[in-house]
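Hi,

Here is the structure I promised to send over. Have a look at it first, and then read on for what turned up.

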Amino acid sequence: MAGLRTRARGYALQVLYALDVNAEEGSSDAVPLYREHFDVELEEQGQAFATRLVEAVQKNREAIDEQLQKASKNWRVERMSTVDRNILRLACAELCYHDEVPTKVVINEAIELAKRFG
């Protein structure tokens, strides 16, 4: 299951990045839409997990960005790199709105995403 969620987080990050860059696009159906464009093998459970993460970020984006801004020293959220900003949003959403994964795992997964995509 860990491999499945790791892939799902990577995919969710890519979707969040695309939504951030293409602000005019809505988030509804973004996960299946972008799946066609990205070379990602994602099982149904993984796609459901990625969808939940993307929806949590999009639904709570303003509150998440406020939390990130409060924690950030000398960096406004909008000045952060798009990848870094969305990794932080993803981790924050998972920590705050999905408590089924231990905090240590969420942090480690965010670090791994930063190594892979940052």
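**What turned up**

Let's start in helix α1, which covers residues 2-21 and includes V15. Keep in mind that this is a predicted model. V15 has a relative accessible area of 0%, so it is buried.

How many disulfides does a search of the whole structure find? The count is zero. Take C92: the closest cysteine sulfur belongs to C96 and is 4.0 Å away, which is too far for a bond because a disulfide needs the two sulfur atoms within 2.5 Å. C96 is likewise in no disulfide, with the sulfur of C92 as its nearest cysteine sulfur.

Are these two cysteines buried or partly exposed? C92 has 12% relative accessibility, so it counts as buried, the cut-off being under 20%. C96 comes out at 41%, so it counts as partly exposed.

Last, the surface. L95, I107 and I111 together make a nonpolar patch of about 240 Å². One of these, I111, belongs to helix α6, which spans residues 103-117.

Cheers

Notes:
Residues numbered from 1 in each chain as written. Predicted model: local features only at pLDDT ≥ 70, side-chain atom pairs only at ≥ 80, totals over all residues. Heavy atoms only, no water. Buried < 20%, exposed > 50% of the residue type's maximum accessible area, 1.4 Å probe, protein only. Patch = residues over 30% accessible without salt bridge, like charges linked within 9 Å, V, L, I, M, F, W, Y side chains within 5 Å. Areas by Shrake-Rupley, 256 points an atom, 1.4 Å probe, with all protein chains shown as cover. Salt bridge = Lys/Arg side-chain N within 4 Å of Asp/Glu carboxyl O. Helix = DSSP H or I, 4+ residues; strand = E, 2+ residues; numbered from the N terminus.
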